[in-house]
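This briefing is intended to be read beside the sequence and the coordinates. Please keep both in view while going through the topics below.

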Amino acid sequence: MLKTIKCDKFIDHGVPREPIRFHNGLNVILGEKGATNSIGKSTLLMIIDFCFGGDDYPQKEKETIEHVGHHDICFEFEFDGKSRFYKRNTQNPERVDICDSEYKTRNTITNKQFKEDLVNFYGLKNGEDLSFREWVGPYFRIYNKKNYNEWRPINAHIRESDYDGMSVLLKMFGMFKPIESTKADYDSKKDLKKGYDNIRKHNIAPIAISAEEKAKMVAQLADLRKQLEQLDYDNIHNSNDQEALEATEKTRLNKEKVKLQRRRKTLEKKLTDINDNDELLSEEEYQLKYGALKEFFEDVKIPEIKKYEKFHKDVYGYLLEDIIEANKEVENLISLIDARIAEINTQLEEYKTVPTVSESYVKEREYLSKEIDRLGTAIKNFEDSESALKGYKEAEKTLVQLTETYTTTIENKLNSSMRENNTHIREKDDKRVAAPIFKFNELKSYAFYTPGDTGTGTRYKAVCLLDLAIMENTKLPVFGHDSILFTNIEDITARDLFKLYAQKTERQIFAVAENPDRYKEVNPDGTITNIAIEKQVIQLHSGDGALFGDQWGRAKNN
């Protein structure tokens, strides 16, 4: 558990504050009568979240840092009776110092490693891939974090999807992995089905659009195969069989030869002429070559021309190696083509006396072959698409059934806990309000509501009961509730919620109470109790009694 927090910037009326000490169960950050704002209550809850590996404090409390400067937050955890001391600085929040009891640094780790250590210290491993901040982050409901949405209470932030929030909740219950593997199979089969849907939609490839069309195609395919068989038979029997086969081969070879010859001409054009590279000229050669220029241009400088010529040669030299290599590759391809053309010529010599197959036969055979391939592809794609559709439907049914099994289990546990805790919550004038209900809509969305009551106070009370239910049914070690959750709740309801919080003696709950008088209660025997005062760990006041010894925006006396 978190045991202490200290900071040399915490000031009370000009005097450094003692370390703030915490305990199991309810820890109340108490304000003063009149519910004064801007005295550091929510800021301290942000700092507590910072001690649990959160990053929001230095990012969202910039006004605080502007006033007091960057500072160290020193804090102590206790696990199995052993204290562990740490330090984080607002300027370098990714660094966590492991300290001795005097907060002198012994070692330094990353905040990521620190959070992984907290997973181990709190025993949060449950077979799911769940980080420490996924465990606790959504349940530090603080004004500046903007994560107190009473309509979407399990979403970590306003932009998080319902699916992500539900996935984390399932992981907290240790029920996500079985669904995840089943969903992966479902997604794969859904993508396969979608692929065939797109083939139909965008005409990407031949495919029958129905079983009736497939049947017609099967009949057409059989007919075309008979036509092809007859065409080949007629062609063969117009001459002897061997002659027909050789004629067909001769035609094929001639077509291949023409293609190779066209390819050779294209490659020849790519050859780069590298034979015009003059050697650098001597001074005398330059005078002979360019000296005549002086007759017309008296100021011409032959050494300058030589310098530019040398630069040109140098650049050419740098490129020469690449040019030679590229030409070698082209020449090798030409050599291979020449070798294949020679082979074809040799083979054609053997077929000199064989007549060429008629062009009409070749065209007819090519047409029939293409139609046979098209219909075969269309039939196979239809059969594969039907198989994909069947696989998709089976995977969807399996996923829905498995998801329903696990989500119903979680719904029952949460709703049962909320009903039980709701029996301990009183309302004004002893009015009894129904317990909230949490319900999954598969893994698409979820609903969270209180039947018959949509008032703001009822919705925030429901969030408090939900967090308690999650803590009771999972390993959630801690949560923090800012005063905004209690502002619209009746005083008697807020008192009873605090009493329920106080019963969680094996976990820690941090709550901000604005006005102590809200939590005062006269018991049947006449005694007066105040749950907020009993469980307070610090009380903050306006002015010099604020957390940092000052209240931003307060008017100054001259």
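Predicted model: local features only at pLDDT ≥ 70, side-chain atom pairs only at ≥ 80, totals over all residues.

In which sense do β1 and strand β4 pair, and over how many bridges? β1 and β4 (residues 20-21) pair in the antiparallel sense, and two bridges link them.

**The six-stranded sheet**

- Six strands form an open sheet with antiparallel pairing, in the order β4-β1-β6-β7-β8-β9.
- At the edges stand β4 and β9 (105-110), each with a single partner strand, so one side of each is left without a neighbour in the sheet.
- β1 also runs antiparallel to β6, and four bridges join these two strands.
- T4 has a bridge partner in each of two strands: E76 in β6 and R21 in β4.
- In a regular strand, side chains alternate between the two faces of the sheet.
- Helix α4 (residues 111-121) lies across β6, β7 (82-89), β8 (95-99) and β9, and runs at about 95° to β9.

**Nonpolar cores**

- The largest nonpolar core comprises 100 residues, and I48 and F498 are those with the most contacts inside it.
- Helix α13 (residues 456-473) supplies the largest share of this core, namely 10 residues.
- Leaving aside residues up to four places away in sequence, F498 touches L26, V28, F486, A511, V512, A513, Y519, I531 and A532.
- A second, separate core holds 18 residues, including V362, L368, L375 and A378.

**Helix α13**

- This helix has 18 residues and reaches 26 Å from its first C-alpha to its last, which is close to the 26 Å expected at 1.5 Å a residue.
- Of the 18 residues of α13, 15 are buried, so the helix is largely enclosed by the rest of the structure.
- An α-helix has 3.6 residues a turn, so residues three or four places apart point the same way.

**Salt bridges**

- Across the whole structure, a search finds 34 salt bridges.
- One of these joins K3 to E78, with the closest N and O atoms 2.8 Å apart.
- K3 lies in strand β1 (residues 2-6) and E78 in strand β6 (residues 72-79), so this pair ties together parts that are 75 residues apart in sequence.
- K3 counts as partly exposed because its relative accessibility is 27%, a value between the limits of under 20% for buried and over 50% for exposed.
- E78 is likewise partly exposed, with a relative accessible area of 24%.
- K145 and D56 meet through their side chains in a salt bridge with an N to O distance of 3.8 Å.
- K145 is in the loop between β10 (140-141) and α6 (162-172), while D56 is in helix α2 (residues 56-60), so the pair ties together parts that are 89 residues apart in sequence.
- Both K145 and D56 are buried.
- A further salt bridge is formed by the side chains of R426 and E521, at 2.8 Å from N to O.
- R426 belongs to the loop between α12 (359-422) and β11 (437-441), and E521 to strand β15 (residues 520-522), so this pair ties together parts that are 95 residues apart in sequence.
- R426 is partly exposed at a relative accessible area of 29%, whereas E521 is buried at 11%.

**Loop residues with positive phi**

- K146 has a phi near 55°, a positive value in a residue other than glycine.
- K146 is found in the loop between β10 and α6, and with a relative accessible area of 45% it is partly exposed.
- For N203, phi is near 55°, again a positive value in a residue other than glycine.
- N203 sits in the loop between α7 (177-202) and α8 (211-237).
- N203 is exposed because its relative accessible area is 66%, which lies over the 50% limit.

Conventions. Residues numbered from 1 in each chain as written. Heavy atoms only, no water. Core = buried A, V, L, I, M, F, W, Y, C linked by side-chain atoms within 4.5 Å. Buried < 20%, exposed > 50% of the residue type's maximum accessible area, 1.4 Å probe, protein only. Contact = heavy atoms within 4.5 Å. Salt bridge = Lys/Arg side-chain N within 4 Å of Asp/Glu carboxyl O. Expected span 1.5 Å × (residues − 1). Pairing = 2+ DSSP bridges. Axes fitted to C-alpha atoms, helices over the stretch in contact; angles between N-to-C directions.
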